[in-house]
Amino acid sequence: MGKILNPIHSTDSFIRCFLTVLYCISSWIGVGQIVLLTSSDLPIFIINTNGKVILTEPKITADLEVIYNGPGKRNNVSDNATHFKGKIGVELRGSSSLDLSPKKPLGFETRNADGTNLNVSLLGLPEENDWVRIAPYSDKSLMRDVLIHNLARQIMPYSSRTRFCEVIINQEYQGVYVLMEKIKRDKNRVDLKSISTTVIKGDSLTGGYILKIDKTTGSTPQGGYTSIYSNRPGPTPNYTYYQYEHPEANVLNSDQKKYIATLVQNFEASFLSTDFTHPTNGYRKYADEKSMIDFLLLNEISNNVDGYRLSTYLHKDIDSNSPKIKFGPVWDFNLGFGNANYCQGGEPTGLAFEFNNRFINDYWLVPFYWPKVMSDPSFFNSTKARWAQLRKNTFLESNMMNTIDSLSRTIQEAQSRNFNRWKILDLYVWPNLFVGGTYEAEINYLKNWVRNRIKFLDGYFGYNPTVAIRTTKEVEINLYPNPVMDHIQIDLPATYSKKARVRIFNQMGVQLMEQEVYDLQPIPVHPLTQGLYYIQLFDRQNSIFIRSFHKL
């Protein structure tokens, strides 16, 4: 039986250091075991560094083979690497995840033989050369980051696409990893106009920029600037540091740095004005309200202990495309969804944006404008309305449970190998609040935590799901079977006259089919390969619901 551990309510550096030492000792005394991987139902990444040690910086040149024979097919280590075989530049990445885990997250670039960048499509993701492989370790569900990106792609313009895989480095099995797109400017990622290096005026000066609020460790130093407004009152102020993520500091010239810094400072300064709530002259003059709301709700649905204050991205396109700062994409939620035993991050109650009220002396504080914006009645009401809207589709409890179940089925075979390699299911790994002892217990804990979190936020936003169901068509809709083999059926609401239009999307958001259907008419899904999909029901082009289903 799993157990909830006593939370640590301090971020004191001594305690963190002590936990790190304990953790490192436990790592050396046998949490790992040699596991031989011969075949998998997941793609297999085989890295050979040719005797070199992978460093945090610079990238070393290595060989990569990707064994992937297509959806639903078995992948054998002995198979020819027809999916990808070539050179990569690889390095260690991350901060806490790197320091506290023997299972190392990686960043890598696909390269030509001469070392130049090579854009390729890996596991069906859009072509690029810059990739991330996160290494779920303290997150024993192995899916918290995958889950948040799955949710975020349903409500934001972009969130990194993810693919589970297994990794072998220098003939040593490393476990389950997640291939992810690195956040960068790209037509298939953060779709911004490429910044000009020659025309530095007018519209060209205004975009596109990506900024990051984060620790400076764990990635190549980008340079940046420090806010002039404190997040903490009193004699020991605390200031947010904004890093230049794209373009990097050595690419931006002084005019560009001044432009983006001034825009963010004007946004911050607007909250100190008596009319900061003004619809056109307040903070909305500088920032996109919808992106702030969606960013906030994703951090709150997960009670992300690092939310707002770390791994936070902002971006700005050229004015002719979008004149305002937008928040996102989201990143790094492995300590969310009940997986942190400090700063109340593991509790299903409480609000992540109120972090500073509880831990005012922490070094990394939430920017002062988040609590301030939630004091704006108009913003709060808009957030409340958005929550009510998402509770009917993306944040519908059954949708989230189906997603968790589908993801756990995807890695059901591989998780066993992972936890044979890393024998930690019955061990505390910083900063676990719960130790389940089995993978099933970890998944049940995650599901129960999400249910309780939804219930808490329903209360906070004044949303009554019982009343909402009674007043929507959703009560009459039933989607079955799920998971599905060949055909899926929908019970249509009476108001549809027994006919509706449905669309089916894959996890990348690509529409795969659209058709009119009649009540109880079987919808053929046998052409789809094994995996997670989304189905939408439309009424005059308005989406009535979104459901996930798993194709076996």
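In this predicted model, 3 cavities of 30 Å³ or more were counted. The largest cavity has a volume of about 50 Å³. Its lining is formed by N303, N304, V305, G307, C343, Q344, G345, A352, F355 and R358. By class, 4 of the residues lining the largest cavity are nonpolar, 5 are polar and 1 is charged.

Strands of a sheet pair through backbone hydrogen bonds, either parallel or antiparallel. Within this sheet, strand 11 (residues 209-213) runs antiparallel to strand 14 (residues 312-316), and 5 bridges join the two. At one of these positions, K212 has Y313 of strand 14 as its bridge partner.

Elsewhere, helix 10 spans residues 412-421. Its buried residues are A414, Q415, R417, N418, F419 and R421. An α-helix has 3.6 residues a turn, so residues three or four places apart point the same way. The cover over the buried residues of helix 10 includes strand 2 (39-40), strand 9 (162-169) and strand 10 (172-181). Helix 11 (439-460) is also part of this cover.

Conventions:
Residues are numbered from 1 along each chain as its sequence is written. This is a predicted model: local features need pLDDT of at least 70, side-chain atom pairs count only at pLDDT 80 or more; totals for chains, interfaces and linings use all residues. Side-chain values use heavy atoms; hydrogens and water are left out. Two strands pair if DSSP finds at least two bridges between them. Helices (H or I, at least four residues) and strands (E, at least two) are DSSP runs, numbered from the N terminus. On a 1 Å grid over the protein atoms alone, a cavity is a set of points where a 1.4 Å probe fits but cannot get out, and a pocket is an open set with protein on both sides within 12 Å along at least five of seven lines; lining residues have an atom within 4 Å of a point. Grid points are joined across faces, edges and corners, and a volume is the space filled by probe spheres set on the points. Ala, Val, Leu, Ile, Met, Phe, Trp, Tyr, Cys and Pro count as nonpolar, Asp, Glu, Lys and Arg as charged, and the others, Gly among them, as polar. Buried means under 20% relative accessible area, exposed over 50%, partly exposed in between (1.4 Å probe, protein chains only). Contact means heavy atoms within 4.5 Å.
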